[in-house]
Every structure is written in C-alpha cells, then in structure tokens.
Amino acid sequence: MRTRERALKAAVTVVATKGFQALTHASVDAEAELPAGSTSNYFRTKSALISGLIEHISAPEQRSVPEVFAPETPEELVDKVSALVIELTTNRREYTAARLAIFLSGNHRAEIREGFAVGGASFRAAVKACFERFGAEDPGLASDAIVACAEGIIYRQIVWGFDIDPHGQLGLIAKGALASS
C-alpha cells in the first residue's frame, strides 16, 4: 500500500477510534507507523488532510450509487438500501464511524458539509428516481423518508450498538410511500 493510502486509512482509524479532534498529521503518522512528517508531504495543511479524508471515505460509495440503485421493484429497492445499511455498519463500520465523528464534530465547517454533500445528494437523487419510477405520489418526500430512516438505523447501530435489521423499517416506509399511488 502506498504511503498516501496508508495515511488516509490511518486517518480513518484515528477519527473513528479517538474522535475528529484527535486528527493531526502526527497522529496519522503514528497510527500508520510512518516517519514523522510523512502525512504532511501529501496533505500540507489540516484542511487538506480533512478534504483528503472526506474524499477517501466518500469516493467508493459515490462510485457505487448508480449500480446499487437500479432496482426494478419497490421490494428490490428495500433490499438494496438494507444491504447498503448492513455494509456500512459491518464491513465499512470504521469508515462509517469516522464519517459520523466528522459530521458531529465539524458540521459547522463548510468544507465538511460540502465534502459529504455530493455523495448524499447523489444517493437521495437515486432513491427519488426509484420512487418516481414506482409511481409514488411524492417521490421527494418518499426519498427523504427512506434515507432518513436508513441514516437513523446507521446512527443507532454505530453509536449505540443496536442490532437492527433495516429491512422491516425500510419496507414499511416504502409501502407507505406507495400506498396512496
């Protein structure tokens, strides 16, 4: 693994385990077992490190949105969103914990809100397009509801350690969104 990638992976670990306030060039170097100053060779400022970290967390998920959200039925949409929630709270748990720590500690900073906004917008747009295809009366509201529920489940699982099967809750929202259509 290249030094830059080692630093970014270490930055995820630092933020996920010690909090956003612990993110420094030195803490990343130590976590990645890199010589002092290595991280600053790639990210000259803390702002650059934060931007790199947000990109590192978000990019894989943004690339997967088009392929994940091409369901043909409401049931398939629920299955796909449920699978994504499970992926984010199991295999990508550390990345999700880091994202939450960044949100909660830095949501007042424009570069943080903007850094994650693209991914969130593409996810919501993909879900909205599904509800449009399925004939929901208000696809935007349906999308907002299912995304909010998914985010709530993710939060509860990461922060509180709840073991929640998202399928039932997401299915209920999808069913309600399409009931009047």
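Biologist: Are Phe131 and Phe134 buried or exposed?
Modeller: Phe131 is buried, and Phe134 is buried too. Buried means under 20% relative accessible area, exposed means over 50%, and partly exposed lies in between, with a 1.4 Å probe and protein chains only.

Biologist: What kind of model is this?
Modeller: This is a predicted model, where local features need pLDDT of at least 70, side-chain atom pairs count only at pLDDT 80 or more, and totals for chains, interfaces and linings use all residues. Residues are numbered from 1 along each chain as its sequence is written, and side-chain values use heavy atoms, with hydrogens and water left out.

Biologist: How many aromatic pairs does a search of the whole structure find?
Modeller: Two. Rings of Phe, Tyr and Trp (its six-membered ring) pair if their centres lie within 6.5 Å; planes under 30 degrees apart count as stacked, over 60 as edge-to-face and the rest as tilted.

Biologist: How do the rings of Phe103 and Phe116 sit?
Modeller: Their centres are 4.8 Å apart and their planes are at 70°, so this pair is edge-to-face. Phe103 is in helix H6 and Phe116 is in helix H7 (residues 110-133), 13 residues apart. Helices here are DSSP runs (H or I, at least four residues), numbered from the N terminus.

Biologist: How accessible are Phe103 and Phe116?
Modeller: Phe103 is partly exposed, at 32% relative accessible area. Phe116 is buried, at 6%.

Biologist: And what about the rings of Phe131 and Phe134?
Modeller: Those centres are 6.5 Å apart with planes at 85°, so that pair is edge-to-face.

Biologist: New topic. Where is Arg99?
Modeller: Arg99 is in helix H6 (residues 93-106). Arg99 is buried, with a relative accessible area of 14%.

Biologist: What does Arg99 touch?
Modeller: Leaving out residues up to four places away in sequence, Arg99 touches Ile57, Ser58, Glu61 and Phe116. Contact means heavy atoms within 4.5 Å.

Biologist: Which ring does the charged end of Arg92 sit over?
Modeller: The ring of Tyr95, 4.5 Å from its centre. A charge sits over a ring if NZ of Lys or CZ of Arg is within 6 Å of the ring centre and within 35 degrees of the ring normal.

Biologist: Last one. What is the phi of Glu33?
Modeller: Near 55°, a positive value in a residue other than glycine. Most residues other than glycine have a negative phi. Glu33 is in the loop between helix H2 (25-32) and helix H3 (38-42). Glu33 is exposed, at 69% relative accessibility.

Note on methods. Helix = DSSP H or I, 4+ residues; strand = E, 2+ residues; numbered from the N terminus.
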